[in-house]
Amino acid sequence: MPTNNQKGSSKEGAIRLLLHLQALYQGPKTISQLMESLDGQGAVSSKVRRSVQRDMAALEGYFGVYRDDDNVWHIDRSDFDKLFDIEDSVALALLVAEKQLAHITPSHILEPLNGLFKRAQAKLNNSDTAAANWSKRVRVAPASHHLKPPKINKTIYQRLINAALSQEVLKVDYHSHQGDAAKQLTVTALSIFYRGSVPYLICRMHSSDPAHQDKIRQLPFSRISAVKQTLFDEPRVQGFNLAEYEENGELAFRYGEPFELHLEIFNSVRREVEDSHLGENQKITPINGHDTVFNMTVTVPYTLNLIQWLLARAPYLKVKAPADFRQKFYKEVARALQHDTAEHVELPQERTF
């Protein structure tokens, strides 16, 4: 049975071999240079020439390690890299992740992964598997018009991200609209939400006004011109749960509780939703004497996303019920129609939804 000293020696020897491989991966080395590369490695106490020579004799011929005629040690990177080869399906997942994260992740987080992303791309470029062909022949487009990312000061962007990850209290200069004077708000940063490529800070308000105290708001990063951390206010996280917040429809700009929507729809809308349903419990039934028009009932979330979807298809559907939603919907359509005859766009005096 090995003694503790033998166990320690074996462990130290294994660590030395890994350090030699790491040093050779950076470039060719002599035995003396390999010994120098062990300096400062607290886990390795044995750095005598004979030990390093034995190590290299054991590694020769493995992992791409070889010695030239001048007794300089090298490593064949292509051979060594095979140790870390990735499957095509994993490479594809990495490339999809890179595309999804590129616009919403701080650069300092992604930069250490650039080498991995490049290896994934090279792997798929040189393969003829289903996963490799997927990356060449499949594209995914957003379901609606995709807004370009706003220009945001990098320092402000990073400070907001860091504050949300740590759920800190901030003082921010916020502009209700571009060009408006800044209001200084004190908030607890809770989470980050990306609506497409537009980032929002989900935060809880600190306010002396009871109407705004502890209210949760979503502030677009692009409207924040200054950020300061404050050490004089306690964070008001109050059990905030991002998953529950999302389930309640708040990330889709929720206006109320889910409801049953009654529509008449033209055939083009029917084709769009008969497989990818608009909501829960969807039913589509024909209307006698109208081959291209159908009745539809469906339970939908009461959100801005739903309203925008319906407005985009307003020429091809009719909202029948519930009555209050129908009234608001057609008021919004009428407002849009008024712009056709007005000299300029007129701002509604009150919101419809």
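A residue counts as buried under 20% relative accessible area, as exposed over 50%, and as partly exposed in between (1.4 Å probe, protein chains only).

1. By that scale Asp-214 is partly exposed, with a relative accessible area of 27%. Its phi is near 70 degrees, a positive value in a residue other than glycine. You will find Asp-214 in the loop between strand S5 (198–206) and strand S6 (216–220).

2. A quick word on the basis: this is a predicted model, where local features need pLDDT of at least 70, side-chain atom pairs count only at pLDDT 80 or more, and totals for chains, interfaces and linings use all residues. Residues are numbered from 1 along each chain as its sequence is written, and side-chain values use heavy atoms, with hydrogens and water left out.

3. Phe-63 also deserves a look: phi is near 55 degrees, again positive in a residue other than glycine. Phe-63 sits in the loop between helix H3 (49–59) and strand S1 (65–67), and is partly exposed at 37% relative accessible area.

4. The peptide bond from Ala-321 to Pro-322 is cis, with omega near 5 degrees. Pro-322 belongs to the loop between strand S11 (317–321) and H13. For context, most residues other than glycine have a negative phi, and most peptide bonds are trans.

5. Lastly, helix H12 (residues 304–312) packs on helix H13 (residues 323–338) at about 60 degrees, with axes 11 Å apart. The contact (heavy atoms within 4.5 Å) involves Leu-306, Ile-307, Leu-310 and Leu-311 of H12, together with Phe-325, Phe-329, Glu-332 and Val-333 of H13.

Notes
Axes fitted to C-alpha atoms, helices over the stretch in contact; angles between N-to-C directions. Helix = DSSP H or I, 4+ residues; strand = E, 2+ residues; numbered from the N terminus.
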